[in-house]
Structures are given as structure tokens and as C-alpha cells.
Amino acid sequence: MDDQQLNFRNELLRAMGPQEQALLLPHLQPVDLEVPTILEMENSPVSDVYILESGLASIVARFPGGRDIEVGIVGREGMTGAAVILGGNQSANRTFMQVAGHGFKLPASVLSAAMEESRPLRSLVLAYVQALLAQTTSTVLANGHAKLEERLARWLLMVHDRTDGATIWLTHEFLAVMLGVRRAGVTVALHLLEGKGLIRSTRRQIVILNRRGLIEEAHGSYGAAEEEYRRLIGKDLAR
């Protein structure tokens with residue numbers, strides 16, 4: 001891997017010291033990640049973990065009968081493979097790309113061995129898993145207590161934190177799956193946010209116009225998990 005490739009955008013790779021990076025660098029395989037590439041299958045062994053430099057992956061839980069709901073997202077702030085980090089070999093959920101990007105593929109066995117060799121590396125990735133659990137907790141609270149437009153505002157802010165620019169390329173159908181609601185409900189929520197001048201929405205894209213307004217619209221459902229990431233990793237996730 002040449003010097004140009006060492007200029008990482010992924011926050012976990014950037015947070016590692018030279019010794020921790022040296023354990024992983026020879027094994028990092030650059031990969032392009034298109035939509036909807038599956039990174040992990042539910043109840044199946046995890047052979048590789050993915051460290052994203054750009055793009056966005058959804059961690060999705062499936063209800064009996066095939067209904068899906070998003071329980072977490074991963075971007076350049078983190079990585080897949082939480083089960084591997086915790087000492088397991090498979091996840092209960094599916095993880096797939098929802099916004100195309102690129103990153104690195106790393107054999108799960110290499111990550112496990114490196115964690116055994118390096119206590120600082122182990123501490124860093126475990127801290128990330130704790131931050132991911134904080135995100136999941138916030139998602140559960142929002143899904144249980146927040147209005148749909150508040151949940152949508154929170155979700156758009158989370159995606160905005162992890163992508164470049166103000167434009168998010170997603171369909172209303174995909175948003176409905178991510179939020180676990182009917183497409184008609186997503187359309188109504190988008191119109192509400194549009195009417196307040198917070199976003200501009202078309203069939204396949206959403207443009208963030210007023211980030212501060214979205215934070216206010218989220219009514220406290222956004223911010224706690226982002227602060228926990230900053231505390232644990234020492235990096236600001238929010239813009």
C-alpha cells in the first residue's frame with residue numbers, strides 16, 4: 001500500500017497509532033462498494049470486515065414475514081464486524097450498502113489476531129462498538145417515542161454526517177424500509193420538512209437546506225449518540 005493510500009478518511013484508521021496500523025495495512029484490500037452490496041448476512045459466518053472510506057451501509061433487522069427496519073448505519077466513522085470485535089463469528093442482522101462508496105476489506109481472522117496482539121487496537125475498536133450501541137439505543141428511543149418527521153430529520157442528519165455535500169441519493173421506497181413505515185408516510189414527512197424549508201426532495205434525491213433547522217426538528221433524538229462517539233473515539237462525528 002503506497003503513501004497516497006495511507007491518507008485515510010476513515011476515522012478509526014486515522015485514530016490508530018503506527019504500530020496498530022502496521023498490523024492491518026498489509027491485509028487491507030481496497031474495494032469499490034456499490035448499492036446494494038451485502039457486507040454481512042444475518043445468521044451467517046462473517047469472513048471479512050469492511051472499513052469504509054466513503055459511502056454508507058445499513059444494519060437491518062428482519063421481522064418474521066420479511067419486513068425490514070434499520071437498526072444502525074456505518075460510514076467513514078467506523079466499520080462492520082461488530083460481532084467479530086466482540087468475539088463472535090456471525091451477526092443476527094444483515095448489513096448492505098445504501099449509498100455507494102469505497103473502502104477496505106479485511107479478513108475477520110486478521111482483525112481478531114491483531115486485537116489479541118495489540119491492546120490499544122482492541123480498546124479502540126471496542127470503544128467503537130460501544131458508540132455503535134449508543135446509536136442503536138437512540139434509534140430504538142426515536143422509533144418508540146418520536147414522530148415520523150422527527151425520526152426522518154434525525155436520520156437525514158446522521159446520513160449527512162457520514163457523506164460529502166448536501167445531496168443524499170435515495171428513493172422514498174428505500175426510506176420507508178429504513179424507517180420501518182409505509183411509503184405514503186415517508187412522503188408526508190418529507191413534505192412537512194420541505195414545507196419548513198429544511199430540505200428539497202425529489203423522487204430520487206434529498207437536498208439538505210437547513211441543518212440547524214433539522215436538528216431542532218429532531219427534538220432531541222439527534223445528538224446523544226454523536227456526543228458518545230466523540231467521547232469514546234475522540235473525533236467529532238457531527239459536522
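Helix H5 supplies four residues to the lining of the largest pocket, the largest share of that lining. The model is a predicted one, and this pocket has a volume of about 260 Å³. Its lining counts 17 residues, of which Ile59, Ala82, Ser91, Asn93 and Leu132 come closest to the centre. Besides helix H5 (119-145), strand E5 (68-74) and helix H3 (82-85) give two or more residues to the lining. By class, the lining of the largest pocket consists of ten nonpolar residues, six polar residues and one charged residue.

The second largest pocket has a volume of about 160 Å³. Lining it are 13 residues, and those closest to its centre are Gly55, Val99, Ala100, Thr163 and Asp164. Two elements, helix H6 (148-162) and strand E8 (167-168), each supply at least two residues of this lining.

Strands of a sheet pair through backbone hydrogen bonds, and the pairing can be parallel or antiparallel. In this model, three strands make an open sheet in the order E1-E7-E3, with antiparallel pairing. Strand E1 (29-33) and strand E3 (48-52) are the edge strands, each of them pairing on one side only. On average, neighbouring strands of the sheet are turned by 40 degrees against each other, if direction is ignored.

Strand E7 covers residues 101-107 and is joined to E1 by five bridges, the two strands running antiparallel. Within this pairing, Pro30 stands opposite Phe104 in E7. Strand E3 is also antiparallel to E7, and five bridges join them. There, Leu52 has Gly103 in E7 as its bridge partner.

A helix is placed against this part of the sheet. Helix H4 (residues 108-117) lies across E3 and E7. The angle at which H4 runs to E7 is about 70 degrees.

Next, find H4 where it lies across E3 and E7. For the largest pocket, look for Leu132 and Ile59, two of the residues closest to its centre. For the second largest pocket, the residues to look for include Gly55 and Asp164, which are among those closest to its centre.

Key
Residues are numbered from 1 along each chain as its sequence is written. This is a predicted model: local features need pLDDT of at least 70, side-chain atom pairs count only at pLDDT 80 or more; totals for chains, interfaces and linings use all residues. Side-chain values use heavy atoms; hydrogens and water are left out. Two strands pair if DSSP finds at least two bridges between them. Axes are lines fitted to C-alpha atoms, for helices over the stretch in contact, and angles run from 0 to 180 degrees between N-to-C directions. Contact means heavy atoms within 4.5 Å. On a 1 Å grid over the protein atoms alone, a cavity is a set of points where a 1.4 Å probe fits but cannot get out, and a pocket is an open set with protein on both sides within 12 Å along at least five of seven lines; lining residues have an atom within 4 Å of a point. Grid points are joined across faces, edges and corners, and a volume is the space filled by probe spheres set on the points. Ala, Val, Leu, Ile, Met, Phe, Trp, Tyr, Cys and Pro count as nonpolar, Asp, Glu, Lys and Arg as charged, and the others, Gly among them, as polar.
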